[in-house]
Amino acid sequence: MPNIRSSADLRNKYNEISSLCHKYQEPVFITKNGKGDLAVMSIELYEKLAGRLELYSLLQEGLDDMRDGRTHPFSDVMDEVKKKRNHEL
């Protein structure tokens with residue numbers, strides 16, 4: 001169940017809300033005038049979610065490349081890598 005607090009709680013009970021965010025690793029939703037306004041979360045949770053979004057974005061790029069024919073056979077790519085590596089030596 002989501003943890004919902006008022007903006008007054010955020011102002012007056014910051015340490016309590018911070019502890020909740022760290023303990024449960026989920027956002028606390030802040031209301032203003034009875035309506036949803038913010039979602040507050042720990043830095044650790046934010047970084048985890050941001051990393052997941054970045055991964056999803058990269059996966060979508062790969063799927064788009066496959067759909068649009070912007071791919072090469074693995075063996076061709078490996079041959080090119082080996083050729084470049086031998087050229088550098």
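This is a predicted model: local features need pLDDT of at least 70, side-chain atom pairs count only at pLDDT 80 or more; totals for chains, interfaces and linings use all residues.

User: Is Thr 31 buried or exposed?

Analyst: Leaving aside neighbours within four places in sequence, Thr 31 is in contact with Ile 4, Arg 5, Ser 6, Ser 7, Gly 36 and Asp 37. Its relative accessible area is 18%, and buried means under 20%. Thr 31 is therefore classed as buried.

User: Which residue in the turn of the hairpin formed by S2 and S3 has a positive phi?

Analyst: S2 and S3 form a hairpin with 2 residues between them. In that turn, a positive phi of about 55° belongs to Asn 33.

User: Which element supplies the largest share of the largest nonpolar core?

Analyst: The largest nonpolar core has 5 residues in all, namely Ile 17, Leu 20, Cys 21, Val 28 and Ile 30. Helix H2 (14-24) and S2 each supply at least two residues of this core. The largest share, 3 residues, comes from H2.

User: Which residues is Cys 21 in contact with, leaving aside its neighbours within four places in sequence?

Analyst: Cys 21 is one of the residues that make up the largest nonpolar core, and Val 28, another member of that core, is also among its contacts.

User: What is the area of the nonpolar surface patch made by Leu 53, Leu 55, Tyr 56 and Leu 59?

Analyst: Leu 55 has its place in helix H3 (residues 43-67). Patches are made of residues with over 30% relative accessible area, and Leu 55, being partly exposed at 45%, passes that cut-off. Together with Leu 53, Tyr 56 and Leu 59, Leu 55 makes a nonpolar surface patch of about 430 Å².

User: What separates the C-alpha atoms of Asn 86 and Gln 25?

Analyst: Asn 86 has its place in helix H4 (residues 74-88), where this residue is exposed, with a relative accessible area of 52%. Asn 86 and Gln 25 are 61 residues apart along the chain. The separation of their C-alpha atoms is 49 Å.

Note on methods: Residues are numbered from 1 along each chain as its sequence is written. Side-chain values use heavy atoms; hydrogens and water are left out. Patches are made of residues with over 30% relative accessible area and no salt bridge: like charges are joined within 9 Å, nonpolar side chains (Val, Leu, Ile, Met, Phe, Trp, Tyr) within 5 Å. Accessible areas come from the Shrake-Rupley method with a 1.4 Å probe; for residues, only the protein chains shown count as cover. A salt bridge is a side-chain nitrogen of Lys or Arg within 4 Å of a carboxyl oxygen of Asp or Glu. Helices (H or I, at least four residues) and strands (E, at least two) are DSSP runs, numbered from the N terminus. Buried means under 20% relative accessible area, exposed over 50%, partly exposed in between (1.4 Å probe, protein chains only). Two strands pair if DSSP finds at least two bridges between them. A nonpolar core is a set of buried Ala, Val, Leu, Ile, Met, Phe, Trp, Tyr and Cys residues joined through side-chain atoms within 4.5 Å. Contact means heavy atoms within 4.5 Å.
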